[in-house]
Amino acid sequence: MADTPQIPDRREERYDPQPIEKKWSARFEADPALYRAEPPSSDKAKYYVLEMLPYPSGALHMGHVRNYSIGDALARYMWMKGYNVLHPMGWDSFGLPAENAAIKAGVQPREWTLRNIAHMKSQMKRLGFAYDWEREVTTCLPEYYRWNQWFFLKLYERGLAYRKKSKVNWCPECATVLANEQVVHGCCWRHETTPVEQRELEQWFLRITDYAEELLRDLDQLSGWPEKVRIMQQNWIGRSEGALADFPVEDTAEKIAVFTTRIDTIYGATSIQLAPEHPMTGKLVADDADLRAQVDGLLTEQRKAKEVGDVGAIEKHGVFTGHYAINPFNQEKVPIWVANYILMDYGTGAIMSVPAHDERDYEFAKKYDLEIRVVVLPRREGLTDAEKSSDATIPYSGTDSLLINSGEFSGLGCNEAMPKMAAYAREHGFGKPTVTYRLKDWGISRQRYWGTPIPMLYCERCGIVPVPERDLPVRLPEGVEITLTGGSPLGRLPEWVNTKCPRCGGAARRETDTMDTFVDSSWYFYRYTDAGNDRAPFDSRVANYWFPIEQYIGGVEHAILHLIYSRFWTKFMRDLGLVANSEPAQRLFTQGMVIKDGAKMSKSLGNVVAPDDMVARYGADATRLYTLFAAPPDRDLDWQDAGVKGVQDFLSRVYRFVVARAKPAEDGWRGDVPAELSPEARRMQRRLHQTIKRISDEFIGRWHFNTCVSALMALVNEFYLLRPEIERGLIPLPLLAEAQRNLVLLLHPFAPYLAHELWEMLGEKSDLLRHGWPQYDPALAREEEIEIVVQVNGKIRARLMVAADAGEEDVRHLALNDPKVVSSLDGKKIVKAIVVPHKLVNIVVK
């Protein structure tokens with residue numbers, strides 16, 4: 001034992017997390033290889049665990065701490081299980097807040113962003129998160145956004161990036177475009193009394209709709225994703241089968257294409273309704289200022305309803321345009337209206353209104369006294385045709401029905417009529433069967449400075465010309481004046497905008513829009529696998545080793561945009577031949593929010609808890625551990641400062657127990673545990689192995705880390721109850737040593753600083769992070785006696801302690817002969833006595 005370190009007597013020492021955590025933080029920092037993943041040549045099974053990268057807003061909040069504590073616990077567990085673990089971190093660092101800071105504080109966006117990154121990175125290190133910082137990705141640096149531009153060129157080459165006019169939110173006072181989120185009650189978020197206008201601008205789009213069917217179909221492969229996320233994506237993609245039908249506009253050469261899922265009801269169409277933003281709307285009301293104003297009012301109502309989140313519940317309003325369209329099936333004239341409940345992003349932005357067979361159309365027709373014509377009769381026994389078509393049964397939208405008043409299709413069942421009528425439309429050249437999606441192409445143009453420049457040029461001779469790959473990256477100029485007025489700041493820099501056309505050598509100008517920041521986060525996790533590559537986005541061989549991600553962790557608020565865009569980007573990269581996988585992540589976990597005083601933490605509510613304050617008061621281990629203990633990770637966590645203090649008290653109990661009983665220098669400390677143990681020693685051993693099993697099961701199962709912490713607390717309580725036996729020598733030293741080592745190993749994923757300190761205190765020299773996870777022995781975890789409940793006709797009459805391996809007959813015999821049970825059976829006949837193994841005996845009498 002000469003090489004065993006001599007541990008000073010620290011039995012009376014108080015637990016102070018600050019010097020312990022600072023000591024180990026310095027050691028972790030000094031070992032850059034500590035969290036480094038092994039190369040693809042490793043013979044270990046790989047495990048890629050990833051938390052969604054943050055926006056560097058300035059400081060971590062408790063939502064971050066909870067998210068990263070979950071991922072860190074899993075990463076540490078997988079390292080201890082012997083996996084080759086990849087656990088990186090980076091920064092989603094482009095975005096509008098940096099421009100706002102430039103205005104408020106007079107700081108350039110780059111300087112503000114990099115300063116925030118440095119601070120947040122120091123916070124992460126102080127919290128002890130096990131990230132491989134050698135793979136750090138910062139999306140606002142040209143080393144990264146160069147590849148955003150490269151991907152854009154590849155999309156453009158394949159016809160998946162294109163430019164078209166699109167309506168945008170425009171604040172006339174800011175003289176710039178606003179995101180939907182920046183429109184508040186129809187007005188600009190910065191100028192609360194300035195109504196937002198709709199303007200048409202040339203915008204760049206990515207043709208994500210080309211992948212709509214695959215994005216929808218492949219949701220079935222994502223069994224490791226929460227059902228709610230898959231349903232949200234399914235609804236967002238919004239596949240609808242139906243038919244297109246063209247309604248000619250009377251006395252013009254124009255046609256209105258209508259998408260309908262119920263072409264069988266087209267003979268019941270009594271009006272056409274357009275979305276306020278439909279291109280035909282502008283044409284039909286162009287010559288009438290009053291109509292234009294009314295349409296603008298409908299659009300404002302619709303936008304407000306979108307902010308609330310339910311356009312379907314809006315009070316229906318509409319405006320008759322004074323124009324008519326022709327129903328292509330029966331040549332009838334139908335009036336053309338504009339309605340506030342018709343959305344441009346569903347179908348074609350135009351509907352045929354069939355009020356007898358649609359609830360919303362019925363409500364609208366009643367309000368404006370439009371004709372209601374029944375063309376579908378329900379198959380209901382005992383009703384006459386007149387009764388079936390009465391107001392009492394409409395609007396009726398069932399498909400188990402027959403067509404009436406529908407020309408040559410009358411008498412057909414609805415399900416039979418739909419394909420025949422769609423085929424008829426195709427044969428006669430005014431329609432076709434079709435599938436539409438709620439998902440629209442992704443508009444990526446932003447009239448902002450702090451984003452990836454779009455690598456396109458405009459030449460008077462050659463038209464739109466891509467920037468050659470050899471000229472990438474197109475760098476953002478520095479020292480730009482940010483005003484949030486007058487359009488993109490890049491447009492005011494002639495020395496940057498004006499350039500030469502790479503085709504003809506003539507004058508050209510650069511695109512001044514920058515990319516949506518969701519582009520940055522659509523592929524960042526691939527860059528982690530090969531972050532230093534300056535020849536390609538990443539090495540495909542390396543990426544194909546690491547992908548798909550085994551576990552992705554983040555908030556459910558990203559279920560739609562980020563997670564759909566990243567799935568699209570993966571499929572596009574697969575089609576480029578860059579990756580072999582079709583989905584980025586096998587498993588997705590969405591953690592709950594951190595709330596305080598019944599509301600989500602917010603500066604405006606004054607209920608924000610700063611992680612730095614908690615670390616200074618209670619330590620990083622206690623802060624992390626509380627976020628895991630206070631609630632199951634998929635539920636919202638109601639923050640209580642007193643709870644952090646309680647967790648710190650628990651860690652103090654662990655510390656004091658080990659400090660007082662760590663005896664690595666004594667003979668027998670590393671010996672074998674005797675086969676024959678006292679009842680007290682057997683009790684310690686049994687509870688230890690039960691705890692190992694319980695925590696191990698949670699890591700491969702539900703991730704209810706709160707129950708893991710509870711199990712550790714119960715184990716420590718058991719150890720304290722056994723102190724008298726320990727002091728009297730009834731617990732063999734090898735068992736005491738094994739119990740303390742395993743306690744520290746179990747604690748390590750949740751409280752790494754204290755675990756490392758105690759590991760050293762126990763005389764261990766091995767790397768705790770890669771020391772094997774403790775194994776439980778089923779035989780040692782098994783209870784020697786278990787409690788059996790005895791019921792008579794459902795009422796509890798006795799509780800018995802029986803041998804854990806007792807057979808059914810033995811248990812039944814003991815139950816029937818228990819004095820309390822015998823007295824309750826007096827004078828009654830036993831019908832049956834059912835034994836539920838290891839739980840109860842149910843005796844039925846009469």
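Which residue lies over the face of Trp-236? In this predicted model, Arg-438 takes that position, at 4.5 Å from the ring centre.

## Strand β26 and its partners

Strand β26 spans residues 551-555, and five of its five residues are buried. Strand β1 (residues 46-51) runs parallel to β26 and is joined to it by three bridges. Within this pairing, Leu-50 stands opposite Tyr-552 of β26.

Strand β27 (residues 588-591) also pairs with β26 in the parallel sense, over four bridges. Here Gly-555 stands opposite Gln-591 of β27. Between β26 and β27 the chain passes through helix α16 (residues 561-576), and this β-α-β crossover is right-handed.

## Aromatic pairs

The whole structure contains 63 aromatic pairs. One of them joins Phe-320 and Tyr-324: the ring centres are 5.6 Å apart and the planes meet at 70°, so the pair is edge-to-face. Phe-320 is partly exposed, with a relative accessible area of 29%, and Tyr-324 is partly exposed at 29% relative accessibility. Tyr-324 has a further contact, as the charged end of Lys-333 sits over its ring, 4.8 Å from the centre.

A tilted pair is formed by Phe-657 and Tyr-720, with 5.6 Å from centre to centre and 50° between the planes. Because Phe-657 lies in helix α19 (residues 641-661) and Tyr-720 in helix α21 (residues 705-721), this pair ties together parts that are 63 residues apart in sequence. Phe-657 is buried at 1% relative accessibility, and Tyr-720 is buried at 10%.

## An aromatic cluster

Several aromatic residues form one cluster, among them Tyr-144, Trp-147, Tyr-211, Trp-442, Phe-518 and Trp-569.

Notes
Residues are numbered from 1 along each chain as its sequence is written. This is a predicted model: local features need pLDDT of at least 70, side-chain atom pairs count only at pLDDT 80 or more; totals for chains, interfaces and linings use all residues. Side-chain values use heavy atoms; hydrogens and water are left out. Buried means under 20% relative accessible area, exposed over 50%, partly exposed in between (1.4 Å probe, protein chains only). Helices (H or I, at least four residues) and strands (E, at least two) are DSSP runs, numbered from the N terminus. Two strands pair if DSSP finds at least two bridges between them. A crossover is right-handed if, with the strands pointing away from the viewer, the path from the first strand over the helix to the second runs clockwise. Rings of Phe, Tyr and Trp (its six-membered ring) pair if their centres lie within 6.5 Å; planes under 30 degrees apart count as stacked, over 60 as edge-to-face and the rest as tilted. A charge sits over a ring if NZ of Lys or CZ of Arg is within 6 Å of the ring centre and within 35 degrees of the ring normal.
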